[in-house]
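Welcome, and thanks for taking a look at this one. Here is a short tour to read alongside the sequence and the 3D view.

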Amino acid sequence: MDTDASIYIAGHTGLIGSAVVRKLRDTGYDNLILAGHGELELTDHAAVERFFRKNSPAFVVLAAGRVGGIIENKTYPADFIDTNLAIQSSVLRAAHRADVKKLIFFASSCMYPRECPQPMAESALLSGHPEPTSLAYAISKLAGLQMCLAYNQQYGRRRFIPVIPNNTFGPNDDFNPQSGHVLSALIRRFHEAKESNAHKVVLWGSGEPRREFIHADDVADAVVFLLRADHANLALPLNLGTGVDFSIRELAEKIAATVGYTGAIEWDRTKPDGAPRKLLDSTRIRDFGWQPGIDFDLGLQRTYRWYVENIVSDQSRT
Ligand code: GDP
């Protein structure tokens, strides 16, 4: 991929999209095509088609979509499945018609069966029923993944690369405690508890489920690696994880220590636990020559600092 290659990043203000933009610029790629929500509605097939005809990107990173934590998934399943299916089908079709060289599609570890043997290898996809709390989202991502593979198969070119990052965190995450995923939601909840001298924070579920977390900068690093790689013989899709997981209780203790919250932590078992464990087997991409580089504790500290400097300071200005 030449440094002047045109690269369209769909969803460039989000957690993964913004990390991809940073990484591409740091690596010397400046011919980036970016379009905010006001400029391009990605669920609008005709508008996306026109956008691709006008801009003819050579490479595409599809990081746009409706995402959210466990309660958000349970509350808005129709929005999750509808928005993601619409974005995926308009962008993949337009990218195919525009004859892009390569496209990276983000799927999700929610797609794996709830009772999947751990760690979860790519071969275990569709071998069982996904966790019900995020089923609509999981089905939309399974559909996107299959669309990528179907285009590759039907047209005899392996241009669409689906990757499956595990729970991603970092700058520009959703820190809203209702809609965000556990790590960002807990940063905010512990920070606010510390500031208000609260004696306890009540978290959701039992604290026993286990999750694997990967920093968005590592995901972005993998994306740039894959955009530049000769992937002709690479089996798809590709799990993207660190190989390390924690219980939600351990995660909560780590976040409380990072934030400096010293009060009690209690568990509300009326709230859902979700899948018991989601640890990816990332052997496939490791064997291909890529591995993550960001230590979890360091990534967490950096994310907390970003939250204080960007979200908290913005709130105090308004
Ligand atoms: P999941 O990975 O799809 O289950 O989504 P989440 O990241 O939202 O939740 C992961 C786990 O953290 C679940 O077991 C939640 O019940 C638990 N959890 C505990 N407290 C919270 C919280 O305040 N917010 C969120 N999102 N999850 C929480």
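In which helix is the place of Ser 18? Ser 18 sits in helix H1, which covers residues 15-26. Please keep in mind as you read on that this is a predicted model.

- With a relative accessible area of 8%, Ser 18 is buried, because buried means under 20%.
- The side chain of Ser 18 reaches back to the backbone oxygen of Gly 14, at 2.6 Å.
- Leaving aside neighbours within four places in sequence, Ser 18 is in contact with Gly 11, His 12, Thr 13, Pro 171 and Asn 172.

**The ligand and its shell**
- The ligand is surrounded by 17 residues, and the closest are Ile 70, Arg 189, Arg 211, Pro 272 and Asp 273.
- Sorted by class, the shell around the ligand has nine nonpolar, four polar and four charged residues.
- Helix H6 (182-195) and strand S7 (200-204) each supply at least two residues of this shell.
- The largest share of the shell, four residues, comes from H6.

- In the side chain of Arg 189, an N or O atom is 2.8 Å from an oxygen atom of the ligand.
- The side chain of His 181 has an N or O atom 3.2 Å from an oxygen atom of the ligand.
- Gly 180 takes part through its backbone: an N or O atom there lies 3.1 Å from a nitrogen atom of the ligand.
- How much of the ligand does the protein bury? Taken alone the ligand exposes 530 Å², and the protein buries 98% of that.

**Helix H6**
- At 1.5 Å a residue, the 14 residues of H6 should span 20 Å, and the end C-alpha atoms of H6 are 20 Å apart, so the two values agree.
- The buried residues in H6 include Leu 183, Leu 186, Ile 187, Arg 188, Phe 190 and His 191.
- Ser 184, Ala 185 and Ala 193 in H6 are buried too.
- After H6 comes Asn 197, whose phi is positive, near 55°.

**Helix H7**
- For helix H7 (residues 216-228), 13 residues at 1.5 Å each should span 18 Å, and the end C-alpha atoms are 18 Å apart, which agrees.
- Among the buried residues of H7 are Asp 218, Val 219, Val 223, Val 224, Leu 226 and Leu 227.
- Ala 216, Ala 220 and Ala 222 in H7 are buried as well.

**Ala 63 in a loop**
- Look for Ala 63 in the loop between strand S3 (59-62) and helix H3 (70-75).
- Beyond its neighbours within four places in sequence, Ala 63 is in contact with Ala 10, Gly 11, Ile 16, Gly 17 and Phe 106.
- Ala 63 and Pro 117 are 54 residues apart along the chain, and their C-alpha atoms are separated by 28 Å.

**Tyr 137 in H5**
- Helix H5 (residues 135-155) holds Tyr 137.
- Tyr 137 is buried, with a relative accessible area of 10%.
- Not counting residues up to four places away in sequence, Tyr 137 touches Arg 66, Val 67, Asn 73, Phe 80, Asn 84, Ser 108 and Cys 110.
- From Tyr 137 to Ala 94 is 43 residues in sequence and 22 Å in space, C-alpha to C-alpha.

How values were computed
Residues numbered from 1 in each chain as written. Predicted model: local features only at pLDDT ≥ 70, side-chain atom pairs only at ≥ 80, totals over all residues. Heavy atoms only, no water. Near = heavy atom within 4 Å. Polar contact = N/O pair within 3.5 Å; in protein donor to acceptor, adjacent residues only side chain to side chain. Areas by Shrake-Rupley, 256 points an atom, 1.4 Å probe, with all protein chains shown as cover. Nonpolar A, V, L, I, M, F, W, Y, C, P; charged D, E, K, R; others polar. Expected span 1.5 Å × (residues − 1). Buried < 20%, exposed > 50% of the residue type's maximum accessible area, 1.4 Å probe, protein only. Contact = heavy atoms within 4.5 Å.
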